[in-house]
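Welcome, and please open your viewer. We will go from stop to stop, selecting a few residues each time.

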Amino acid sequence: MNQHPDWILYERYIDEGLTGTSVHKRPNFLRMIRDAEAGKFDLIITREVSRFARNTVDTLQETRKLKKCGVEVYFTEDNIWTFKDDDGELKLTLMATLAQNESKKLSQRIKAGQTITFQNGVFYGTGNILGYDRVGDTYVINEEQAETVRLIYNMYLDGLGERKIMHELIRLQRKD
């Protein structure tokens, strides 16, 4: 912003801790697109293509949609301007493909690591598992929580989806 004193920051749209592999799972990204379509700003600045989206199709669809409503995207690290560069879409396609492949490789490495730790009898993450209490190196059933787990499974088997199960647990005040 110091290099461009005439630019005015409208808002920061950050989806922390959410996967970038699909824009549909990123509420702030979707809000940014809606604000762009509503004409609230004319430029989006993002560090690199992989921060915008890690899916080639999403990257191209969203930048084309933004272009139609007069909003340019500038990828600072990749030095891509969606309006100014004649070969911007080609560069964008290449960088988005690389980002998508890197995301896929990272996911595969994480899953492989989790599989190995499970095979070695080590729990991934904090080891806090709903329905169990950790006692030393082992787990014992926590009956109160286990009742909630059985309830979740039964609702799922009855055809309820994730949201309906969540709302029912809230209604029943089942926090654990």
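Start by selecting Asn142 and Glu144: at the start of helix α5, a side-chain oxygen of Asn142 comes to within 3.2 Å of the backbone nitrogen of Glu144. Keep in mind as you look that this is a predicted model.

Now select residues 143-157, which make up α5. This helix has 15 residues and spans 21 Å from its first C-alpha to its last, close to the 21 Å expected at 1.5 Å a residue. Color Gln145, Ala146, Thr148 and Met155, which are buried in α5. What do the buried residues of α5 pack against? Show β4 (132-135), β5 (138-141) and α6 (162-171) to see their partners. Just after the helix, click on Gly159, where phi is positive, at about 100 degrees.

Next, move to the largest nonpolar core, which has 19 residues. Select Met32, Phe41, Ile44, Phe52, Leu66 and Phe75, the members that touch the most others. Two or more core residues come from each of α1 (27-37), α2 (49-52), α3 (56-68), β2 (72-75) and α4 (88-119). The largest share, 4 residues, belongs to α1.

Stay with Phe52 and display its surroundings. Leaving aside neighbours within four places in sequence, its contacts include Arg26, Phe29, Met32, Thr59, Glu62, Leu66 and Phe75.

For the last stop, pick Glu62 in helix α3. Is Glu62 buried or exposed? Its relative accessibility is 7%, so Glu62 counts as buried. Beyond its neighbours within four places in sequence, Glu62 is in contact with Val23, Phe29, Ile33 and Phe52.

Conventions: Residues numbered from 1 in each chain as written. Predicted model: local features only at pLDDT ≥ 70, side-chain atom pairs only at ≥ 80, totals over all residues. Heavy atoms only, no water. Core = buried A, V, L, I, M, F, W, Y, C linked by side-chain atoms within 4.5 Å. Buried < 20%, exposed > 50% of the residue type's maximum accessible area, 1.4 Å probe, protein only. Contact = heavy atoms within 4.5 Å. Expected span 1.5 Å × (residues − 1). Polar contact = N/O pair within 3.5 Å; in protein donor to acceptor, adjacent residues only side chain to side chain.
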